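This briefing looks at ring pairs, pockets and strand pairing in a single protein chain. Please keep the sequence and the model open beside the text while reading.

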Amino acid sequence: MEEIKSLNDVKNIKIDSKRRLFSANHDEILAGMTTDIYFIKTMEILRHMNISTKEVVAEVFPRRPGVMCGVEEVVSLLRDKNIEIYALPEGETFEPKDTVMRIKGSYEEFGIYETVLLGMMAHPSAWATAARSCREAAGEKTCICFGARHVHPAVASVMERAAVVGGADNASCILAAKLLGREPSGTIPHAAIIMAGDTVKVAKAYDEIMPPDSPRIILVDTFKDEAEEALNIATALGKDLEGVRLDTPSERGGVTPELVYEIRKRLDQKGYDYVKIFVSGGLTPERIKILIEAGADAFGVGSYISGAAPIDMTLDLKMVDGTPVAKRGRIPGLKDNPKLKRMK
């Protein structure tokens with residue numbers, strides 16, 4: 001698919017009325033089909049004035065602090081363009097108004113991609129920032145991203161990859177894990193237990209057929225009291241059991257510190273002190289800290305990461321043909337950041 005160059009190109013775009021999914025595919029993104037239309041109009045004007053090829057330096061800054069993510073995708077987006085890119089490495093922190101990316105080259109080379117590249121950093125950086133907060137709360141405890149179900153599938157892998165960049169130990173989304181060169185994390189959902197009608201039966205079947213590197217972590221809140229079911233599973237699987245997972249719904253009060261404490265004590269009393277307690281469902285950094293004090297060992301975080309509000313990123317042209325410039329309210333010329341690294 002050819003890159004959009006003009007309003008006429010936009011007019012000629014034909015979308016299949018029987019298209020199955022609404023999300024943009026890679027070719028459509030690279031062609032500029034997800035940009036704001038006014039960048040296409042801008043290029044028409046600049047070309048008419050014979051100034052579209054002027055050399056510029058653009059800088060991107062955030063409106064609030066966070067953790068950088070999305071740089072690798074921006075570099076890939078613009079890899080065929082004759083430009084230079086400097087940016088914060090992924091996983092690096094930033095403060096409001098810091099320069100997090102600098103692009104140098106002909107405006108015509110990258111101008112239409114402003115919408116796209118800002119979006120590639122705004123939400124991923126927010127997801128990475130939320131994951132970093134969970135990482136800091138969890139300390140050395142395991143923290144896995146379970147957020148794919150809360151976002152459109154087109155960006156599920158982007159979100160969970162960003163969570164790992166921010167500090168999550170792994171992702172449950174298959175594509176996200178594979179993009180990171182890992183295997184996805186996860187065991188079984190309530191559906192398996194509901195279908196079988198018995199948690200212990202499912203646990204035994206899981207233990208029988210799953211490969212050795214698949215952790216034996218079993219849900220214990222489906223049908224019975226969590227503490228009772230935890231002991232049932234521990235008795236059935238013995239030393240093969242790595243952990244029990246608590247995902248008690250809000251209708252039953254959710255996973256409370258008292259519940260975690262009781263299960264920890266009951267397991268320990270019966271000699272199952274090696275069995276870990278994995279918690280998921282409505283977790284926040286504050287809840288993670290409280291549940292660790294109660295005895296929790298690992299966490300699956302979903303909506304706190306996936307629901308993070310995008311960090312507003314702004315791109316300004318700061319140099320045009322070597323002359324410092326800026327809109328009113330901004331300071332002309334470049335704003336240095338020693339954390340910037342040459343990316344392209």
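Tyr107 counts as buried because its relative accessibility is 10%, where buried means under 20% relative accessible area, exposed over 50% and partly exposed in between, with a 1.4 Å probe and protein chains only. The model is a predicted one, in which local features need pLDDT of at least 70 and side-chain atom pairs count only at pLDDT 80 or more, whereas totals for chains, interfaces and linings use all residues. Residues are numbered from 1 along each chain as its sequence is written, and side-chain values use heavy atoms, with hydrogens and water left out.

**Aromatic pairs**

- Phe110 is also buried, at 2% relative accessibility, and both Tyr107 and Phe110 belong to helix H5 (residues 107-110), where three residues, about one turn of the helix, separate them; helices (H or I, at least four residues) and strands (E, at least two) are DSSP runs numbered from the N terminus.
- The rings of Phe146 and Phe278 form a stacked pair, because their centres are 5.9 Å apart and their planes are at 25 degrees; rings of Phe, Tyr and Trp (its six-membered ring) pair if their centres lie within 6.5 Å, and planes under 30 degrees apart count as stacked, over 60 as edge-to-face and the rest as tilted.
- This pair links distant parts of the chain, since Phe146 sits in the loop between S6 and H7 and Phe278 in strand S10, 132 residues apart.
- Phe278 has a relative accessible area of 7% and is therefore buried.
- Four aromatic pairs are found in a search of the whole structure.
- The aromatic pair of Tyr107 and Phe110 is edge-to-face, with 5.7 Å from centre to centre and 65 degrees between the planes.

**Second largest pocket**

- The second largest pocket holds about 1000 Å³ of space; on a 1 Å grid over the protein atoms alone, a cavity is a set of points where a 1.4 Å probe fits but cannot get out, whereas a pocket is an open set with protein on both sides within 12 Å along at least five of seven lines, and lining residues have an atom within 4 Å of a point.
- Of the 40 residues that line the second largest pocket, the closest to its centre are Phe146, Ser185, Gly186, Thr187 and Phe278.
- Strands S6 (142-145), S8 (217-219), S9 (243-246), S10 (276-280) and S11 (298-301) each give at least two residues to the lining of the second largest pocket.

**Sheet**

- Six strands form an open sheet in the order S7-S6-S11-S10-S9-S8, with parallel pairing, where two strands pair if DSSP finds at least two bridges between them.
- Strand S7 (170-171) and S8 stand at the edges with a single partner strand each, so one side of each has no neighbour in the sheet.
- Four bridges join S9 and S10 in the parallel sense, and the bridge partner of Val244 in S10 is Ile277.

**Ser306 and its contacts**

- Ser306, in helix H14 (residues 303-306), counts as buried because its relative accessibility is 8%.
- Not counting residues up to four places away in sequence, Ser306 touches Trp127, Gly147, His150, Val151 and Met159, contact meaning heavy atoms within 4.5 Å.

Notes:
Points joined across faces, edges and corners; volume = space filled by probe spheres on them.
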